[in-house]
Every structure is written in structure tokens, then in C-alpha cells.
Amino acid sequence: MPAIARAQPNIALIKYWGKRDSHRNLPAVGSISVTLADLFTTMRVEFDDALSDDLLIVNACVNEDMLPRIQRCLDNVAGARRHPARIDSESNFPIAAGLASSASAFAALVVAADAAAGMGRDTARLASLAGSASGSAARSLYGGFAELENSGDEIKVNCLCNAADWPLRVVVAITATGPKPLGSTAAMEISRKTSPFYSRWIEQQPQDLTEARNAIAARDFAKLASVAEHNCLKMHSVMWGSRPPIVYWNSVTLECMQAVRELQSQGVAVFFTIDAGPQVKAICEVADESKVRSAFGAIGGVADILASGLGGGASLIDDD
Ligand code: DP6
């Protein structure tokens, strides 16, 4: 039977950057993210012995490039002796542009493939399988604020706070369209091998995680803002110090960061974070969303603005 799942991307506030074991895709650091509500990937998986081979369709186009990674994930979920699969993936936001599309894609993939193969695993097990395919995908199995732990041999995620219990907004400034030059998997390996700041990054992560966990428990926006911006800039410093340097920002990225700083100086509850791409994600209180949108809208180079609340984890949806 075919199965369809939907998953939302998540935005890391305390970043995952670096692997402890690249073969098993175990992260070198813990991380904390928020799962979005309104951007999503819908994934339909059907195992069919009448097919001669696996077929991946992404946003209505056959995709050969992403197929090997998808196949490895399907083998882990349904076993290497599974039937060939047809996989249809659709996202309502730009993919491979630093908007965490691999997180929503692999989270939706494991949920749909598990159901299509009749396995019936629980969320913890599905998160572990999603995380083996793409570390950040493990967090999209959970809604609200999710923490990916860095301990043991299993990828483990906890929900720190449900979406409804701290309803923040995320406003994304698209500063460049088109795919990013270097994927995060390769980029984090370059950082691990060459950045002089990498070891300090790993050492300091537990204290950033504790600070963020405490801020979330206390719903303390200012404390969360401070540690999240610090952690984001530290991750990018690790990248900038790599050889070759990894610089995902453009001049509009910097203008957006400056606009957030300006809003902060006016007392607006907002902070920025940036992942492996040039887009700027501003996290703000609900009442301040329009101010953030106007500030980004006033920057000439911003190609588009997306906004979302916080949402739930990946789930199966009906086939209609
Ligand atoms: C900057 O989860 O894409 O978005 O495990 O190699 O697939 P792989 O990496 P991926 O890395 C995400 C990096 C990040 C930070 C984060 O989401 O925590």
C-alpha cells in the first residue's frame, strides 16, 4: 500500500555542525531547533515489485541526483531486500537553498516508507532513522522546540516545549534563490578537518545548550535570542576559518542581520539565525511579525519573504 507523510523543516537555534561518526551520521554536538508549521514537504512512497528500479520524482521532475541518498534511507527503513519504490516528493518552499529542505524530506520519507513497508515503528525509532540519513531531519519528527542529543550510539531527540506552549513566529528573508554551492554534509567535514576553531566549538556547545534549554523552560525570549545569535555566529566563524573557507552569506544576508539589530535597538523582540545558506531567519514574538516583515521588505535585495508559526512533528496523512 502507498503511504503519504508530511513533515515541516526545522530551524536550528543551537546548531548541529560536525559529526562524531560520519559512517553512522552521529553528530559531534547536541542541537536545539524549532519545527515550522507552514512550510512542508509531502512525500508519497509506494513499494512495487512491478517496477524495474527505484524512481524519485521531486516537485514533478525525475531526480537522479538525490536518488542514492534516498535509496540508502529506504534500505534502512524497509530492508535491503525491499521491492523497488516510487517516491514522490513535493515541497511548498525552495529546496536546497538553506531552508532545511533535507530535514523535512528525510523526516517525511522515513514516516511514509515505514508505513508503506508495514513496519509501524514509534517516533523515537523513526527519528533515529531520519537522523542517520540527515542529522537535522531527526528533529523534524518532533514539533515545537526539539533537542537532538549527542550521547550514545543512537540518535535521540526530545521535545523541550510544544509549539502551542510558546507561539513564536519565524520570518525568512530569501536573499538569493537557486541551490547553494556546497552542501552541509561536505562543508561540516571540511570544518572538522581544517578549522582551527572546530575544537573550541565542540567544547563550548554544552554550555550553549544549557543556556538555551533554560531560556526555553523559562520562556525567556531575550536569553534565547542572545545564546542563539552567539551560537549561529560561532558556527559561521568555524566555517570562515576552514580551508577552503566556507562563506554562505552575501551582502543582503548582512543587510538583513543589520535590520534585525536595528529592530532590537528599538525594543522589538527578534533575533536572527542563518544556516548553511544565505537566507536569514528572524525569530520573533507574534506581535512583532509585521515590523520584521516591513524591515526585510525595505531591503532592495530581498527576493522573497516567507513566514511561519511553530508546528508539529512529521506525520502520516490521508491519500485524497
Ligand atoms: C547548518 O542535517 O543537513 O542546518 O547530517 O550531513 O545531512 P547531514 O547535515 P544536515 O546539517 C544541518 C546543518 C545546519 C545546522 C542545523 O540544522 O542544526
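Let's start at Pro244, which lies in the loop between α6 (221–240) and α7 (251–265); helices here are DSSP runs of H or I with at least four residues, strands are runs of E with at least two, and both are numbered from the N terminus. The peptide bond leading from Arg243 into Pro244 is cis, with omega near -5 degrees. Asn59 is not a glycine, yet its phi is positive, at about 45 degrees. For context, most residues other than glycine have a negative phi, and most peptide bonds are trans.

A word on the model itself: it is predicted, with local features needing pLDDT of at least 70 and side-chain atom pairs counting only at pLDDT 80 or more, while totals for chains, interfaces and linings use all residues. Residues are numbered from 1 along each chain as its sequence is written, and side-chain values use heavy atoms, without hydrogens or water.

Now to the ligand. Domain 1 (3–165) and domain 2 (169–309) both contribute residues to its shell, so the ligand lies between them; the domain bounds come from an automatic or database assignment. In total, 18 residues surround the ligand, the closest being Tyr16, Lys19, Gly135, Ser136 and Thr185, where a residue counts if one of its heavy atoms lies within 4 Å. Helix α4 (residues 184–194) supplies the largest share of this shell, three residues.

Which side chains place an N or O atom 2.5 Å, 2.7 Å and 2.9 Å from a ligand oxygen? They belong to Lys19 at 2.5 Å, Arg139 at 2.7 Å and Ser184 at 2.9 Å, polar contacts being pairs of N or O atoms within 3.5 Å.

Methods: A polar contact is a pair of N or O atoms within 3.5 Å; within protein, one must be able to donate a hydrogen and the other to accept it, and residues adjacent in sequence count only if both atoms are side-chain atoms.
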